[in-house]
Amino acid sequence: MGRKDSVWSLGEGQAPDELEKPVDNPPLSTLLIESPQSGTVTVGGDITFVAKVEAKDLLRKPTVKWFKGKWMDLASKTGKHLQLKETFDRVTKVHTFEMHIIKAKDNYAGNYRCEVNYKDKFDSCSFDLEVKGFSEGQEDAGELDFSGLLKHREHKQQDDTPEVDVWEILKNARPDQYEKIAFMYGITDLRGLLKRLKKMPKEEKKLEAFAKKLEPAYQVDKGGKIRLVVDLADPTVELKWYKNGQEIRPSPKYIFEHKGTQRIMVINNCSANDDAAYSVVAGDEKCSTELFVKELPVKIVKGLEPVKTTVNERIELECEVSEEGAQVKWLKNGVEVPTGVRSRYRVKCEGTKHFLVIDDASRDDTGTYSIMASGGTSEAHIQVDLKPLKVYQDLQDMTVLLGQPIKLHCEIYPGNVPGRWYRNGQLIQPSDRINIIHRNKVHRLEIAASSLHDAGDYTFVPEGYSQSLSAKIHIIDPPRVHLDSLNFPDNTVTVVAGNKLRLEIPISGEPAPRVVWMKGERVRPFDSVLTPLPTQKTTVILESGHRIHAETYSDHTSLTIEVTEREDTGNYKIVLQNEAGEATASVKIKVVDIPDPPEAPLVPEVGGDWCSMTWEPPKYDGGSPILGYYVERKKKQSSRWMRLNFDLIKETTFEPKKMIEGVPYEVRIFAVNAIGVSKPSEPSKAFTPLAVTSEPTMLVVDDVTDTTVTVKWRPPETIGAAGLDGYLVEYCVEGTNDWVISNKELTEKTRYTITGLSPGCKILVRVKAVNAAGASAPRTLQHAILVKEVVEPPKIRVPRHLKQTYIRKVGETVNLVVPFMGKPRPKVTWLKDGIPIEPSQVSIRNTDCDSIIFIRKAERSHSGKYDMTVQVENHVDTAILDIQIVDLPGPPQCVNIEDVWGGNVALVWTPPKDNGNAPITGYTIQKADKKTMEWFTCIEHYHRNCITITELVVGNEYFFRIFSENMCGLSETATQTKKSALIVKEGTMKTQEYNDHDFKEAPKFTQPLINTFAVAGYNTTLNCSVRANPRPKVIWMKNKITIIDDPRYRMFSSQGVCTLEIRKPSPYDGGMYTCKAINELGEAQVDCKLEVKGQCGP
């Protein structure tokens, strides 16, 4: 149709000889209503680029990306020099995207690109940034930009560094790598360098598999043709094309062409199915693209034509559109035409042609009809008229016995109009039996002997007229049931329950007799009195739910049971009746079934990996003896049943084995007869195979008193899945076998005290472990125990932190626990500095094994030496605890100005009277001008009692004050000088000249970098220390390239310690890292190697 294919694509880069040529790209879309413009900025200046997108036709915000060159995405470079901003104006519905460059540097110059994406739409714009005003002597342009300093140093290192030929690197590189090479070697004028490279003689080099790859994307109109072209460096390489990963074979749809080194795939008649991802593989290389198919509007090629007709005629409107399978809409007088199943309008489509058909036209069909497509409409007018026709004598309905003649007669005007006779819509042709007569106005149809086929609707249609004459001929015949043709023994039908039964009984009779099915003596669902029924197909539902129903046809009747049940067994009677008489017949139906499921089995006994089960036979065997049973089991948490026997079990008992201890199980039963397998029984109650534990271990005597015995033990070596509920302790008097249970309830502890024993008796003790499966074998002491207490001398075990002075601040809580040993229970006493402790001041709590001293709010009066005495009968042990409660110190007692000369003041003072119960650790000296009385700290943590304050301002008068300090902090108040010190200007006095010591020093690393291994995804740091004066400038480099403004790196320098933090490194961050320190006296550097390993774990 003369339509051009519309294709757009995006290139990956340009060769040097193409930089000066204008790029003729077709317009991608109209997303950008305002594009960024090229600009110029001076070094250190700011500039903003603006792009605007209209959002009237967009459902959501478009995606905008900013690039420098062809590959650098600027979204990851945002920081203090680059900011990206997005705004939306709800009034004008315009998205505004801004890129702010702050304090521009010389290396910011170059080509930039803005890309906009929205679903299948795409737009982009390129612009240039020129940075002016940069010179070799310019100062530092930023915190991390040491490029100027490095360029100045390169002259000194020229002899030591091997010269790099950038020309050779550029000539051998691909065009998309030019900017990356320029960034690596510090080239700022890339365009000038490429212009010179263009003029240099080119050398032919061997290319890779693809000399020219596919574009990133293509677009084509639906129905159009698209050519995908690649250029091969080696024409002999085998090439394969793929669509969504599936290889494409040559066909009329896909045509492959070879033109020299070019390989072309042509896609004909593009449709929505061709919208996909395509790729081409040459050897080991692969390139990919995406094809977008654009829908075109459907146009009207051939419009509708007006129609004028008469009633009962067929009307057909035809329209041709521009595309096959297009969606169109038919309208009548502006209202959509109904085209449902019962509609008199029919719509059909043949290729690009669409039809609206009216089979039997009427006057209501008159009107204006139109067809609507996405690219246009067409309409036409239909006029339906009537023809006058006079009927003097119409056809009459007749009822005729089978075999009798039939005579139909009618009279119409005008008489010379021929006509046609129809029976049930079928044209009647004259024959030996049928005679058709036409004389003037009279038309007659005569049939010599009637048959059942002659019954029906007869119609006489005058030729050329829509009007017709009709009559109905009714042939009657007595009904009959033909059971002999079924060959059922004793007229009995046997069926398996659950199957579908369809019983068809041949019948005859005219009109079609009404059929009533009865089971026994009850009619379903009719009354016992039969009434004349219409001669049409009748469906009788014997029971609700439509499970059982009867259907009657002209030559047979059928009884259908969708799913047979055992209750359907019985005698069924068929009664037929029509106008000519009545007939009856009987059929017996027998339903056999599978047995009922047994009741849920019982599990009376359970072992460690087995159980025994029993069950009762099913109540109903399905009319066939039970042949045996199947047994299944499953884990309670699982839904998968496992059959345990493949041979039928004749008995009603079974013993499953090989179960897992501690896992809950369920079992169920299937009954089997000759018909089949029953449904499963209900699952048994869940049971868990369990085993008792092994006996407890290492039973020993822990303590003995005059009335008690304490034993302890360890848990069993084997506990099992049932776990361990507790222990049972039993004892008996030596010489007897009467074991007495000591603990009425199980104890979970592995230590127990038997009480209520008689002093001096001897007993044996044993312990059992108990779980859900029962008690284990007992563990018994080997020897009898004499019930008599043993004296143990006391022993105080002072904790390590209490063996030295225990220091706490005033107001803090003191809570000390001192453990001790001794039997029977020792007596504990406390003294402070030889005096009993006052309970109101210090709380003491004693137990069998320790003593606790507690002070809720410590005061300085609580300081002192605490003597602890533990006594068992005549045995005594003592310990001393030294507790020191400290507080803030008082201020110095007296502060005096001892001397004033020049800008210096000499101060002396005496230590504070109250040191806070802790040594004085230093003093803080402050000064204040008499005019403002604002205090400023001169020195902190000063240890001596005299000091000279220097660098005071001449003409000012100063006061001084001093705070004392101990381990708790500074004193709450300070002591101030009573007099002030006036700094006066003195006459010039010749002093002896001294040469200051030169502390300047070239950088020197005192701690080098260390080779480091890092895990990907976890932050890592590199550390070193440097000494230099004046303070050096620190530069970090990776693979000899300076790290500048990279958000993945953080650099710290404090007190000569240099730190480089690498945030969430990847294997790409591995390499050689260098730390270089530079000052005016020289420079130094240290290196280390960083290896980044893949992160472990899922």
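The dialogue that follows sets computed values against the cut-offs behind each term.

Tutor: Please keep in mind that this is a predicted model. The protein chain holds four helices and 87 strands, and buried residues make up 38% of its 1098 residues.

Student: Why is S971 called buried?

Tutor: Buried means under 20% relative accessible area. S971 has a relative accessible area of 4%, so the residue counts as buried. S971 sits in the loop between β76 (969-970) and β77 (975-976).

Student: What does S971 touch, leaving out residues up to four places away in sequence?

Tutor: With those residues set aside, S971 touches P889, G890, P891, F963 and S964.

Student: Why is H482 described as partly exposed?

Tutor: The term covers values between the buried limit of 20% and the exposed limit of 50%. H482 has 33% relative accessibility and therefore counts as partly exposed. This histidine is found in the loop between β36 (469-481) and β37 (492-496).

Student: What makes the link between the side chains of H482 and S508 a polar contact?

Tutor: The two side chains are joined at 3.2 Å, and the cut-off for such a pair is 3.5 Å. S508 is also listed, with P506 and I507, among the residues in contact with H482 once neighbours within four places in sequence are left aside. H556 lies 74 residues from H482 in sequence, with 9.0 Å between their C-alpha atoms.

Student: How do you know that R227 and E257 form a salt bridge?

Tutor: Their closest N and O atoms are 3.5 Å apart, and a salt bridge needs a side-chain nitrogen of Lys or Arg within 4 Å of a carboxyl oxygen of Asp or Glu. The pair therefore qualifies. R227 lies in strand β12 and E257 in strand β15 (residues 254-259), so the pair ties together parts that are 30 residues apart in sequence. R227, at 37% relative accessibility, counts as partly exposed, as does E257 at 26%.

Student: What makes K353 and E318 a salt bridge?

Tutor: The closest N and O atoms of K353 and E318 are 3.6 Å apart, and the limit is 4 Å. Since K353 belongs to strand β25 (residues 353-358) and E318 to strand β21 (residues 315-321), the pair ties together parts that are 35 residues apart in sequence. A search of the whole structure finds 48 salt bridges, and R314, E316, R346, K348 and D359 are linked in a network of them.

Student: Why are β11 and β14 said to stand at the edges of their sheet?

Tutor: The open sheet has five strands in the order β11-β18-β17-β13-β14, with mixed pairing. β11 (217-221) and β14 (246-247) each have a single partner strand, so one side of each is left without a neighbour in the sheet.

Methods
Residues are numbered from 1 along each chain as its sequence is written. This is a predicted model: local features need pLDDT of at least 70, side-chain atom pairs count only at pLDDT 80 or more; totals for chains, interfaces and linings use all residues. Side-chain values use heavy atoms; hydrogens and water are left out. Two strands pair if DSSP finds at least two bridges between them. Helices (H or I, at least four residues) and strands (E, at least two) are DSSP runs, numbered from the N terminus. Buried means under 20% relative accessible area, exposed over 50%, partly exposed in between (1.4 Å probe, protein chains only). Contact means heavy atoms within 4.5 Å. A polar contact is a pair of N or O atoms within 3.5 Å; within protein, one must be able to donate a hydrogen and the other to accept it, and residues adjacent in sequence count only if both atoms are side-chain atoms.
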